[in-house]
Amino acid sequence: MNTICRLKVVIILLWFVGANCQSAMVSIKGGTYTPLYGVDSLQVTITDFEMDVYPVTNADYLAFVSKRTKWRRSKVISLFADKSYLSKWVSDTIIGADQSLKAAATNVSWFAANDYCSSKGKRLPTIDEWEYVAMANETQPDARTIESYNEYILSWYEKPKTFNSEIGSTFMNYWKVYDLHGLVWEWTEDFNSVLVSGESRKDVDTDSDLFCGSAAINATDLMNYAAFMRYAIRGSLKAKYTMRNLGFRCVK
Amino acid sequence: MKRIYIVLAIITSIMLGSCTTNTNKDQTYQCPMKCEGEKTFAKQGSCIICNMALKPIKDNTKTLASADDISDSSIFNLTTKWNTEEGNTIELKELKGKTLVMVMIYTTCKAACPRLVADMRNIEKKLPKENLKNTQFVLISIDPETDTPEKLKAFAIENYMDGEQWTFLQGSVSGVREFANVLAVKYKEISPLDFSHSNIISVFSKEGELVHQQEGLGVNNNETIKKIIETFK
């Protein structure tokens, strides 16, 4: 009898641990909205999906590289990550002394983030999906016209070293998602669909010699400076780049 | 309890043992005189007809593995699968050994792609003949849902690019996204059948390392030609 009881306890514990391992997700109800960079029809329709509540943490990423050795700092190839990949870590499996296990994993390339998500049966969010969830504040799904929302984001851009903060330290938005603003920038699946040329002076003119059909892409909401910054960052990234304040989360 | 350990130990040793015998099996032997044609044997021994000792045959896969020494930055590290316009399924490393000139296009494109394709043909025209046979021109579709191998083949014929030096590739949506990221090509679907994309022609060495990128349309291609020729030195 005793042994059966113990077994039950063990099974319950295992189940609990297993459930905890899979990072929590919330479902996002789809809808239609106009992103900063509209396309022909200007409206984008998002279908229902699930999103990670928090960005992927150092602890999550540590577990990932201990299993997938090709993403260890010493093993990663230069095709997939630049030299600053996980550069703040002490070794392949030890994070930096001033880093928290509960802080967002940063200094990871798009290739690594992409593989992380697919190893969990998930994927990176598209820009449109990410922006759709990120335009919410605590109470409204679309807070882009609210002054305090924009001010909050812009004040974050001025705050130094927020990447050291632990996940969940910013606000929970309308969709019950944390940390979209205020912690780190995040990779998106199709970050390379932002067509601005490298030279900032050229961004005013769409360079039709470099980009086929680039005239179709123009900012629809120039007031939304915060979003403008995000698109600018995405436009300047290459997939193997890694940055101290660039992390990611997955969707399904 | 002890019994379980013993059983476990036996099972693992059997599994390990079977592994080693398996690897030996991969080696095949053949009569050096080929008395029985191409017949191969699984074990060492002598030929029944001429009595000579059987020789181990070099395994094709093994020679490939030894030639697999590719550098960190080589695109042959990518393991995604691609369909060619001829209906074959390949990995990029099967293109190894030739200088690669690559560009991303889509066949329903009306604006830049015809000019990009023309740029590719101009590069081909300007290359010295002896270099041409060691160069492969690869056009990768950014619209894999529309551009099936059949469509790509038709496009190749229509544009006089059906020769052996031309290869057209259809990938998966994620494979194309990954490859575009390797080339630093940006693209966005504007509407079905219409994409914005950066106009970049990339040159890769025989080992799959990026040596040059030509950006823009109708630009002077002397630099690109020079870099291609340098890959043969």
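Is Tyr61(A) buried or exposed? In this predicted model, Tyr61(A) counts as buried, because its relative accessibility is 0%. That residue is a handy place to start a walk through the two chains.

**Aromatic pairs**

Over all chains, the structure contains 22 aromatic pairs. One of them joins Tyr61(A) to Trp89(A) in an edge-to-face arrangement, with 6.2 Å from centre to centre and 85° between the planes. Tyr61(A) belongs to helix α2 (residues 58-67) of chain A, while Trp89(A) sits in the loop between α2 and α3 (110-119), so the pair ties together parts that are 28 residues apart in sequence. Trp89(A) is buried as well, because its relative accessible area is 3%, and under 20% counts as buried.

Another pair in chain A is Trp187(A) with Phe191(A): the ring centres are 5.0 Å apart and the planes meet at 70°, so this pair is also edge-to-face. Trp187(A) and Phe191(A) are both buried. They belong to a cluster, linked by ring pairs, that also takes in Trp71(A), Phe80(A), Trp110(A) and Phe111(A).

Rings also meet charges here. In chain A, the charged end of Arg234(A) sits over the ring of Tyr231(A), 5.2 Å from the ring centre. In chain B, Arg177(B) places its charged end over the ring of Tyr187(B), at 4.4 Å from the centre.

**Salt bridges**

How many salt bridges does the structure hold over all chains? The count is 13. Here are three of them.

| Salt bridge | N to O distance |
|---|---|
| Lys29(A) and Asp48(A) | 4.0 Å |
| Glu91(B) and Lys81(B) | 3.0 Å |
| Lys226(B) and Glu223(B) | 4.0 Å |

The salt bridge between Glu91(B) and Lys81(B) links distant parts of the chain, with Glu91(B) in strand β4 (residues 89-91) of chain B and Lys81(B) in strand β3 (residues 81-84), ten residues apart. Glu91(B) counts as buried because its relative accessibility is 16%.

Lys226(B) and Glu223(B) share helix α7 (residues 222-230) of chain B, where they are three residues apart, about one turn of the helix. Lys226(B) is partly exposed at 45% relative accessibility, and Glu223(B) is partly exposed at 37%.

Arg234(A), whose charged end sits over Tyr231(A), also takes part in a network of salt bridges with Glu131(A) and Arg230(A).

**Some residues of chain A**

Most residues other than glycine have a negative phi. Leu86(A) is in the loop between α2 and α3 of chain A, and counts as buried at 1% relative accessibility. Asp179(A) is not a glycine either, and has a positive phi of about 70°. Asp179(A) lies in the loop between α5 (147-158) and β6 (185-186) of chain A, where it is buried with a relative accessible area of 0%.

Thr126(A) is found in the loop between α3 and α4 (127-134) of chain A. With a relative accessible area of 18%, Thr126(A) is buried. Setting aside neighbours within four places in sequence, Thr126(A) is in contact with Thr188(A), Glu189(A) and Asp190(A).

Ala232(A) is in helix α6 (residues 225-236) of chain A and is partly exposed, with a relative accessible area of 42%. Ala232(A) and Val194(A) are 38 residues apart in sequence and 8.1 Å apart in space, C-alpha to C-alpha.

Chain B has seven helices and eleven strands. Of its 233 residues, 42% count as buried.

The contact takes 31 residues from chain B and 31 residues from chain A. About 2300 Å² of area is buried between the two chains, and carbon and sulfur atoms give 59% of that. Asn181(B), Lys186(B) and Lys188(B) supply 30% of the area that chain B buries against chain A, more than any other three residues. Between the chains there are zero salt bridges, but eight residue pairs are in polar contact. On the side of chain B that touches chain A, α6 (173-183), β8 (187-191) and β9 (194-198) each supply at least two residues.

How values were computed
Residues numbered from 1 in each chain as written. Chains lettered and ligands numbered in written order. Predicted model: local features only at pLDDT ≥ 70, side-chain atom pairs only at ≥ 80, totals over all residues. Heavy atoms only, no water. Phe/Tyr/Trp six-rings, centres within 6.5 Å; stacked < 30°, edge-to-face > 60°. Helix = DSSP H or I, 4+ residues; strand = E, 2+ residues; numbered from the N terminus. Buried < 20%, exposed > 50% of the residue type's maximum accessible area, 1.4 Å probe, protein only. Lys NZ or Arg CZ within 6 Å of the ring centre and 35° of its normal. Contact = heavy atoms within 4.5 Å. Buried area = accessible area lost by both parts, 1.4 Å probe. Salt bridge = Lys/Arg side-chain N within 4 Å of Asp/Glu carboxyl O. Polar contact = N/O pair within 3.5 Å; in protein donor to acceptor, adjacent residues only side chain to side chain.
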